[in-house]
Structures are given as structure tokens and as C-alpha cells.
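Let's walk through this structure together, from its ring pairs to its cores and then out to its loops. Keep the 3D view open as you read.

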Amino acid sequence: MAQQVTRPIINVINLGRMGFLQAYDVQLRYAKQHLDKLAGRTGVNGHDTLLLVEHNPVYTVGLRTEDYGEVEELRLKKLGAEFFKTNRGGLITFHGPGQLVAYPILNLRHFQKSLKSYVATLEQTLINTCRRFGIQARTTEHTGVWVKDKKIAAIGVHCSRYITTHGISLNCDTDLMWFRHIVPCGIPGKDVTSLTRELGKPTSIRDTISPFLQAFEEEFGCELNLTMFDEEDSSLLKTENRSKSPPSGRGGLAEPTGLPNTQYSVRQVSTSATDRAPGNRIPMW
């Protein structure tokens with residue numbers, strides 16, 4: 001009898017609408033659980049987790065910040081958006097209402113992936129998602145995912161000791177005017193697009209979550225644990241394809257020790273210097 005291969009299990013948590021820094025704090029806490037487990041500390045779980053979030057308007061820039069000093073920061077803030085420098089690679093991008101952002105907090109060793117293959121899998125997840133809407137998307141020599149010559153999704157990751165933070169963003173019904181005030185991802189002469197623009201009809205984050213999760217599960221060869229979804233979250237899922245039942249052979253996974261229930265309480269999460277240990281980085285966005 002052939003041995004059954006156990007697929008990695010990833011907990012999915014929908015953070016809803018949340019500011020960038022607040023969501024980043026949640027990322028760091030989940031990443032720290034992984035790092036503490038690698039360090040042999042007791043009482044930690046280190047579960048692989050996929051955080052879904054919709055940000056308030058914010059411009060973020062990666063490690064290459066030389067073109068975005070105080071003057072540029074003030075200019076962008078006057079538009080009504082926040083501005084933050086981050087530890088991901090790459091240049092500037094925008095996150096805001098109508099854009100699905102996903103932060104996979106994973107131990108890549110659980111998936112037998114290098115950082116390069118991880119990024120390629122994220123790209124294929126986004127292409128797969130677009131395909132489920134009948135949109136032909138692709139990768140190019142530039143980072144991210146494109147529809148013809150317009151960027152529909154961005155990728156930007158940070159990795160330390162095989163533990164990933166940051167992630168991907170997909171324009172659903174985003175107000176694309178926000179991108180007019182920057183050179184997105186430092187690529188001049190390129191435009192951006194969204195699911196709504198390509199389909200010619202409103203296509204919201206609510207419409208996108210289920211196709212995205214199906215694509216993610218398929219491309220990563222994993223099993224998504226949706227037991228942390230509440231009733232409102234569950235209404236976003238296509239019931240004919242998935243349920244809230246725990247993955248076969250496993251009970252519902254509890255929140256990692258020491259973390260708040262992030263569906264309801266993500267305030268006042270600390271970010272110490274130990275959470276920001278340098279590691280491998282790949283320039284993205």
C-alpha cells in the first residue's frame with residue numbers, strides 16, 4: 001500500500017480592515033513563535049499561518065529608501081495616507097481599501113522550498129487566482145504579476161532563518177488613483193490595473209477571498225485550516241468547495257501560546273528588536 005503523504009497545514013486568519021503597523025505587529029508575533037520554536041524554547045507552537053487583511057491607505061517602501069526622504073514622506077502623507085519604511089526589499093508601493101493583502105508566516109522547511117521557489121509559488125498563486133476570474137495574468141522580467149503591460153499584483157517578502165513575513169497584494173476594486181502619486185515598485189512608464197478594471201464590473205475583496213484561498217491551497221500543496229473563521233468570515237467562502245471542518249486527522253488548531261485571538265484583538269502587540277533579526281531578503285514589490 002502506498003504511503004499517504006501528509007500535506008502541510010496552514011491556519012488562515014482574516015484580520016479584516018486594519019492599519020499597516022498593527023498588522024505588522026501581528027506578523028512579527030507569529031514569526032517570533034516560529035523562531036522561538038527553532039531556538040528550542042518550550043511552550044511555543046510555531047504554526048504556519050496565512051493572514052488576510054485590508055489596509056487603510058498606506059505607502060510602504062522597502063530597504064532601498066534613498067529616493068524617499070522626509071520631503072517625499074510629507075508629500076504622500078498630505079494625500080491622506082500613512083507612510084512607513086519596512087524591512088522588505090524593493091521600492092515603494094501602495095496598500096489600501098479594495099486590495100486583498102496576504103501575509104504568509106511560514107517555515108519554508110515545512111514546504112521543502114527555497115526562497116526563490118517560494119516567491120515563484122506566490123506568483124503562481126496570484127496567476128491561478130486571476131485565471132479563476134477568466135483573466136490571463138503572467139510574470140515578466142519585472143517583479144509581481146501582470147495583465148498585459150499592467151501590474152495587478154505585487155510581491156514583497158522578507159525571510160529570516162526560513163521564516164517568512166510580508167507577502168502579496170492583489171488589486172480587487174482598489175482606487176488606482178493612489179498609484180498616480182508614486183512610481184509603483186520603481187518601474188517608470190508602467191500602469192497598474194485591478195480585477196474590477198479587467199472584468200468591467202465591481203469585484204470586491206469578498207468576491208476574491210475564496211478563489212484566492214483555493215489557488216493558494218492548490219499551488220502550495222497544503223491544507224488550509226479555516227476553523228479560526230467566524231460566521232461572517234465563512235460567508236466569504238464557497239461552501240461547495242470547502243468547509244470549516246478541521247483538516248482530516250487533526251483537531252482544530254488553537255492560537256499559538258501567548259498570542260491574542262487576532263480575529264478580535266490585535267491591539268498593543270509588542271515588537272522587540274529580537275523580532276527583527278536580520279536574515280535573507282529578496283528585493284520585491
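Predicted model: local features only at pLDDT ≥ 70, side-chain atom pairs only at ≥ 80, totals over all residues.

**Rings, cores and loops**

The structure holds 10 aromatic pairs, where rings of Phe, Tyr and Trp (its six-membered ring) pair if their centres lie within 6.5 Å; planes under 30 degrees apart count as stacked, over 60 as edge-to-face and the rest as tilted. One of them joins Tyr-59 and Phe-94 in a tilted arrangement, with 5.3 Å from centre to centre and 55 degrees between the planes. Tyr-59 belongs to strand β3 (residues 58-61) and Phe-94 to strand β5 (residues 92-95), so this pair ties together parts that are 35 residues apart in sequence.

Residues are numbered from 1 along each chain as its sequence is written, and side-chain values use heavy atoms, with hydrogens and water left out.

Now turn to helix α5 for another pair. Phe-216 and Phe-220 are stacked, at 4.2 Å centre to centre and with 15 degrees between the planes. They are four residues apart in α5, so about one helical turn separates them. Phe-216 and Phe-220 are both buried. Ring pairs also link these two with Phe-111, Tyr-118 and Phe-212 into a cluster. Over the face of Phe-220 you will find Lys-113, 5.9 Å from the ring centre; the criterion is NZ of Lys or CZ of Arg within 6 Å of the ring centre and within 35 degrees of the ring normal.

What about the wider fold? The chain has six helices and 12 strands, taken as DSSP runs (helices H or I, at least four residues; strands E, at least two) and numbered from the N terminus. Of its 285 residues, 55% are buried. Among contacts (heavy atoms within 4.5 Å) with a separation of 6 or more, 78% are between residues 24 or more positions apart.

In soluble globular proteins, nonpolar side chains tend to be buried together. Here, the largest nonpolar core has 41 residues, and those with the most contacts inside it are Leu-50, Leu-52, Tyr-118, Phe-212 and Leu-213. Such a core is a set of buried Ala, Val, Leu, Ile, Met, Phe, Trp, Tyr and Cys residues joined through side-chain atoms within 4.5 Å. Elements giving two or more residues to this core include β1 (9-18), β2 (49-55), β6 (99-105) and α5 (205-220). The most comes from α3, with seven residues. Apart from this core lies another, of 18 residues, including Ile-13, Val-26, Leu-51 and Tyr-103.

Which residues touch Leu-52, leaving aside its neighbours within four places in sequence? Among them are Val-12, Leu-15, Val-101, Ile-209 and Phe-229.

Finally, look at two loops. Most residues other than glycine have a negative phi. Gln-112, however, has a positive phi of about 55 degrees; this residue lies in the loop between β6 and α3 and, at 77% relative accessibility, counts as exposed. Lys-148 also has a positive phi of about 55 degrees. You can find Lys-148 in the loop between β7 and β8, where its 69% relative accessibility makes it count as exposed.

Notes:
Buried < 20%, exposed > 50% of the residue type's maximum accessible area, 1.4 Å probe, protein only.
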